[in-house]
Amino acid sequence: METLKDKYCGEDKNKQVPKILVGLFGAVGGAASVIANTPIDVIKTRMQGFEAAKYSSTLDCFRKIWTREGPLAFYRGTVPRLLTACMDVAITFMVYDSFIDLLNFLGA
């Protein structure tokens, strides 16, 4: 998110970034997080589920998912996670940025 803000501001470090863009930049960060972490979460969920006994290890779980269901199986449930994470991170960063602005205004 900070990288996107820096690119938006360019050379002018005092330029204000509109809150809606802060939210959009946060949503992009949230999406990147979901895309990077979903395969690990799928493996974790499988190993914690009711059928966890059919896996002897994390690597075994990975191999069985890959060979039986294909690589796209690691991204099951991505869309709902994307929606919630993007909204969550966007709102969090907008609120955070607003508090930083308030603290700067108050001289803290």
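Helices H2 and H3 are roughly perpendicular to each other in this predicted model, because their axes cross at roughly 105° and an angle of 65 to 115 degrees falls in that class. Two packed helices are described by the angle between their axes and the distance between the axes. Here the axes of H2 (residues 19–48) and H3 (residues 58–69) come within 10 Å. On the H2 side the contact is made by Val42, Ile43, Arg46 and Met47, which meet Thr58, Cys61, Phe62, Ile65 and Glu69 of H3.

The chain is assigned two domains, with domain 1 covering 1–76 and domain 2 covering 77–107. Their contact draws 17 residues from domain 1 and 13 residues from domain 2. The size of an interface is often given as the accessible area lost when the parts come together. The values for this interface are set out below.

| Item for domain 1 and domain 2 | Value |
|---|---|
| Distance between C-alpha centres | 17 Å |
| Buried area | about 1300 Å² |
| Share of buried area from carbon and sulfur atoms | 63% |
| Salt bridges across the interface | four salt bridges |

In the whole structure, the search finds eight salt bridges. Lys19 lies in helix H2 and Asp101 in helix H4 (residues 78–106), so this pair ties together parts that are 82 residues apart in sequence. The salt bridge between Lys19 and Asp101 has its closest N and O atoms 2.4 Å apart.

Met1 is placed in the segment before helix H1 (2–9). Between Met1 and Gly26 the separation is 25 residues in sequence, while their C-alpha atoms are 5.5 Å apart in space. Leaving aside residues up to four places away in sequence, Met1 touches Val22, Phe25, Gly26 and Phe93.

Technical notes:
Residues numbered from 1 in each chain as written. Predicted model: local features only at pLDDT ≥ 70, side-chain atom pairs only at ≥ 80, totals over all residues. Heavy atoms only, no water. Axes fitted to C-alpha atoms, helices over the stretch in contact; angles between N-to-C directions. Helix = DSSP H or I, 4+ residues; strand = E, 2+ residues; numbered from the N terminus. Parallel < 35°, antiparallel > 145°, perpendicular 65-115°, else oblique. Contact = heavy atoms within 4.5 Å. Domains from an automatic or database assignment. Buried area = accessible area lost by both parts, 1.4 Å probe. Salt bridge = Lys/Arg side-chain N within 4 Å of Asp/Glu carboxyl O.
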